[in-house]
Amino acid sequence: MPRNDHLDSMGMGMGMDMAQYGLVYRGRRITVEYQEDARSGDVRCAVTVGDAVYPEIRGNPFRSAAAAQATGAAFARALIDAELDVDAVEYRGYFIRVSSSEQRDGSWVGSYQFHRNDNPVPFRRASCDDFRGNTPVEAEEHAIGMGRQAMDADIAAGKL
């Protein structure tokens, strides 16, 4: 079987069997490569979209190959959607989707939502009312920055 240096660098020992799961989504090739540790039964995976490799998928290590495949494919689909639809950004294994709304005074207020993989239901929503932008782009850029700060704080606090 082929070897994957990305999985080896994540702590999976040399000589373990590696398997692949692949698909094409919206014209982009997705490969989920995974290895099972014979001693612990843990399954680690890395996702490749085109030429880009994402070895740090949320949930690593997984309890089964099926869970690694499903999570890896869902992450890749969400990443492709974010890149092609230009409505979300990937950050630390999660996705931040932003939007903006025009206010009565002509200014714009941004908001953000946190999503896991391709789940359309956000697990957090917030409006950035403290900042009024002159354009929707300005308000959305501020919302992305605030979303990243909130996510960093949640990760540091152990909430995510």
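Mentor: In this predicted model, Ile-30 is in contact with Tyr-21, Gly-22, Leu-23, Tyr-25, Val-47, Thr-48, Ala-76, Arg-77 and Ile-80, once its neighbours within four places in sequence are left aside. Ile-30 belongs to the largest nonpolar core, a set of 20 residues, in which Ile-30, Cys-45 and Val-47 are the ones that touch the most other members. Strand 2 (28-36), strand 3 (43-49) and helix 2 are the elements that give two or more residues to this core, and helix 2 supplies the largest share, eight residues. Apart from this core lies another, made of 12 residues, among them Tyr-91, Tyr-112, Phe-114 and Ala-150.

Helix 2, which spans residues 65-85, also lies across strand 5 and strand 6, and runs at about 30° to strand 6. Those two strands are part of an open, antiparallel sheet of four strands, arranged in the order 5-6-7-8. Because strand 5 (88-91) and strand 8 (124-127) stand at the edges with a single partner strand each, one side of each is left without a neighbour in the sheet. From one strand to the next, the twist averages 25°. Within the sheet, strand 6 (residues 94-102) and strand 7 (residues 108-115) are paired in the antiparallel sense over eight bridges, and Phe-95 stands opposite His-115 in strand 7. Helix 3 (residues 136-156), for its part, lies across strand 5, strand 6, strand 7 and strand 8, running at about 40° to strand 7.

How values were computed
Residues numbered from 1 in each chain as written. Predicted model: local features only at pLDDT ≥ 70, side-chain atom pairs only at ≥ 80, totals over all residues. Heavy atoms only, no water. Pairing = 2+ DSSP bridges. Axes fitted to C-alpha atoms, helices over the stretch in contact; angles between N-to-C directions. Contact = heavy atoms within 4.5 Å. Core = buried A, V, L, I, M, F, W, Y, C linked by side-chain atoms within 4.5 Å. Buried < 20%, exposed > 50% of the residue type's maximum accessible area, 1.4 Å probe, protein only.
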